[in-house]
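The following note sets out, point by point, what may be said about the structure shown below.

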Amino acid sequence: ERLRNLGNKYRLAIDIIQCDDDIKPAVLYAVGNAVVSDTLKDARHLCFTRGENVKCVSLQGAVISKGGNLTGGNASKVGGNTALKWDEQEVLDLKRKREQIRSQLAALERSHKYETVKSETKAKLKGIQNRFTYAQAEIQICDQKIAALSNQESLLLPQLKAAENEVKKEMEKMPEIEENVHTFENEIQNVENYIFRHFLEQIGIASIKEFEEGILNSVRKLTAERLKQTEHRTRLEEHLSYEKSR
């Protein structure tokens, strides 16, 4: 009953065959559930597109078996091979569509790669622009510092020049100052020698300066001797401590 409701283009073969009632069982056995279609295209649509597992016969005499073999009608049969489901033009159309789809997919892949590279390039360019902006800011700050230092240098150079001139003048006075100092020292020494002349005569020394130098030498010798004795005593104490601990 389901096969009777496939559509207006399809009819059960048993329903359209006219025969005597006494041979109808034999005819039903012969045709079974075969379906008759208006055209071969309708037959292919039923068997291959809709996937109905039935034997379908077109009005032109073409037969599509349940196994998918196409015989009779305008179709050619070669050595029992499974019949073509589509005619040559349909196959060519499908191949062209396949190539078009492949081309579109390749174009989409190239476009995707291009967009990816473009996005990465934009990101890199943005980073370079940011670094360039920071570098410009740093250069501007450095230029400002250099300008400030140049201003300070302009202010300090005259002061430095003036100071150098003052130092030069003072250096020119140094020989005279040294000579005056030497004169004052001699005068002080003469006064000291005059004041302590009796003392100097008693100890047999010509000047206070000689006396002071002698005292200083004696103090240095005494200090060195004391240091030597202290070091010697320390070594003896360490040796004694070592002997006692044995």
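1. Phe-196 sits in the loop that separates helix H4 (88-195) from helix H5 (197-203). The model is a predicted one. With a relative accessible area of 39%, Phe-196 counts as partly exposed, because that class lies between the buried limit of under 20% and the exposed limit of over 50%. Phe-196 is 12 residues away from Ile-208 in sequence, and their C-alpha atoms lie 7.5 Å apart.

2. The secondary structure of the protein chain comprises 6 helices and 5 strands. Read from the N terminus, the order of these elements is β-α-α-β-α-β-β-β-α-α-α.

3. The overall dimensions deserve attention. The radius of gyration of the protein chain is 65 Å, whereas a compact globule of 246 residues would have one near 18 Å. Along the principal axes, the C-alpha atoms occupy a box of roughly 185 × 75 × 35 Å.

4. Burial and contacts may be read alongside these dimensions. Buried residues make up 13% of the 246 residues in the protein chain. Of the contacts between residues at least 6 apart in sequence, 23% link residues at least 24 apart.

5. How far apart are the mean positions of the positive and negative charges of the protein chain? The separation is 16 Å, for 39 positive and 38 negative charges.

6. The largest nonpolar core contains 16 residues, and Leu-6, Val-35, Leu-46 and Ile-64 have the most contacts inside it. Strand S1 (10-12) and H3 are the elements that contribute two or more residues to this core. H3 gives the largest share, 4 residues. In soluble globular proteins, nonpolar side chains tend to be buried together.

7. Which residues of helix H3 (residues 40-49) are buried? They are Leu-40, Asp-42, Ala-43, Arg-44, Leu-46 and Cys-47. An α-helix has 3.6 residues a turn, so residues three or four places apart point the same way. After H3 comes Gly-51, which has a positive phi, near 75°.

8. Leaving aside residues up to four places away in sequence, Val-35 touches Leu-6, Tyr-10, Arg-11, Leu-12, Ala-13, Leu-46, Val-54, Lys-55, Cys-56 and Val-57. Two of these partners, Leu-6 and Leu-46, are also listed with Val-35 among the residues with the most contacts inside the largest nonpolar core.

Methods
Residues numbered from 1 in each chain as written. Predicted model: local features only at pLDDT ≥ 70, side-chain atom pairs only at ≥ 80, totals over all residues. Heavy atoms only, no water. Rg over C-alpha atoms; globule rule 2.2 N^0.38 Å. Buried < 20%, exposed > 50% of the residue type's maximum accessible area, 1.4 Å probe, protein only. Contact = heavy atoms within 4.5 Å. Lys, Arg positive; Asp, Glu negative; His and termini not counted. Charge placed at Lys NZ, Arg CZ, Asp CG, Glu CD. Core = buried A, V, L, I, M, F, W, Y, C linked by side-chain atoms within 4.5 Å.
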